[in-house]
Amino acid sequence: MSMKRTAYDLTKTAMMLALALILSIVEAWLLPRGILPIPGFKLGLANVAILVTLYSVGRKEALAVAVLRSVVVLAFGGNVIGFLFSLVGGVSAWAVMSLLSDFEHISVYGVSIAGASAHAIGQILVAILVTKTVYVIGYLPYLVLTSAFAGAVIAFLTIPVVKALDHIGNEMIQ
Amino acid sequence: MHKKDGQFNTSAKALPKRRFRFCSGDVFVTLSVLLFCAILLGGTWIYGRKNKNKPPYVRITQDGKVLLEKDLRDFPEPVEYQIDSDHGHMVIFISSEKVYVKESDCPDKICMHQGDLTSPGDGAVCLPNRVVIEIVSGDDDDTSGKVDVIAK
């Protein structure tokens, strides 16, 4: 039984990593070039995968998805700045989401909105470090607002996935 | 079997409770995010207002070093400012009316899409070249790093 569970956890994590990779690529297609003022900035569609992993496998695995997706995108021809953006953004989002998911009165929506905001702030910090000027901070309010909205949408998308995975798990165990 | 509230717990570890409806804490989270943005926006707005009547300066920074910081009125004749570094090549058009990135060899050209920079607060960022171009207000406290190298 426990081996069945471990295998199922591993499968879910691997599936979510694959989903995160696809979403990282798809997001670049969805948003027209130049609509966001900072090159390489992402709204964090791949947060769906991190959030699903957090809710249906666990914290450590969610961190693994956040880190590995950046590494794999870099390995498949990403650039170093893009890698730093997604790594710092993803890990900040994970930290905030795994912390807030423990709070009694915060649902997936609050967790996702806060995570998306942290994702934006993390990326701006990287942009400040790369350009070594604080100028880019002027974009922060707009990018956080856009990301927070995206975060609400992401929560909406996450819920059916977590429910479906629960359902499959329950059937498997019977 | 761990089947509490329809929750399938795959292992002994505690997973977050499945809360799928908007709760009171979410309102708090959303308001905090909005407040954070409002404070930042307010700050930029006040800063912009305070410096409204000061002359616009163009400031070009690469890797945190100020390459050029000059009053826009010093450019009666338009100038094409060239930046060549290990990161790449850029040409920035500067006139007393506007500043824009004319050429850049970066892959996504987002700096070029930013268009004309005309008043304080406007700016363009080119991450691959580590270059930030901004219009700032004159008599800024940061005049120590003024370097005037105009390569034509």
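These exercises work through the contact between two chains and some residues within them.

The model is predicted; local features need pLDDT of at least 70, side-chain atom pairs count only at pLDDT 80 or more, and totals for chains, interfaces and linings use all residues. Residues are numbered from 1 along each chain as its sequence is written, while chains are lettered from A and ligands numbered from 1 in the order in which they are written.

**Exercise 1. Describe the side of chain A that touches chain B.**

Step 1. Two residues are in contact if their C-beta atoms, placed from the backbone, lie within 7 Å.

Step 2. Count both sides. Chain A contributes 45 residues, in contact with 41 residues of chain B.

Step 3. Assign elements. Helices (H or I, at least four residues) and strands (E, at least two) are DSSP runs, numbered from the N terminus. On the chain A side, the elements giving two or more residues are helix H1 (2-30), helix H2 (47-56), helix H5 (108-131) and helix H6 (140-173). H6(A) gives the most, with 11 residues.

Step 4. Sort by class. Ala, Val, Leu, Ile, Met, Phe, Trp, Tyr, Cys and Pro count as nonpolar, Asp, Glu, Lys and Arg as charged, and the others, Gly among them, as polar. This side of chain A has 26 nonpolar, 13 polar and 6 charged residues.

**Exercise 2. Work out how H5(A) packs against H1(B).**

Step 1. Check each helix. H5(A) has 24 residues and reaches 34 Å from its first C-alpha to its last, close to the 34 Å expected at 1.5 Å a residue. The expected span is 1.5 Å times one less than the number of residues in the helix.

Step 2. Get the geometry. Axes are lines fitted to C-alpha atoms, for helices over the stretch in contact, and angles run from 0 to 180 degrees between N-to-C directions. H5(A) and helix H1 (residues 24-50) of chain B pack at about 20 degrees, with axes 8 Å apart.

Step 3. Classify the angle. Angles under 35 degrees count as roughly parallel, over 145 as roughly antiparallel, 65 to 115 as roughly perpendicular and the rest as oblique. H5(A) and H1(B) are therefore roughly parallel to each other.

Step 4. List the partners. Tyr109(A), Gly110(A), Ile113(A), Ala114(A) and Ser117(A) in H5(A) meet Gly25(B), Asp26(B), Val29(B), Thr30(B) and Val33(B) in H1(B). By class, this contact has 5 nonpolar, 4 polar and 1 charged residues.

Step 5. Explain the spacing. An α-helix has 3.6 residues a turn, so residues three or four places apart point the same way.

Step 6. Check burial. A residue is buried if 20 or more other C-beta atoms lie within 10 Å of its own, exposed if 12 or fewer, and partly exposed in between; C-beta atoms are placed from the backbone. In H5(A), 20 of the 24 residues are buried. In H1(B), Asp26(B), Val29(B) and Val33(B) are buried. The cover over the buried residues of H1(B) includes H5 and H6 of chain A.
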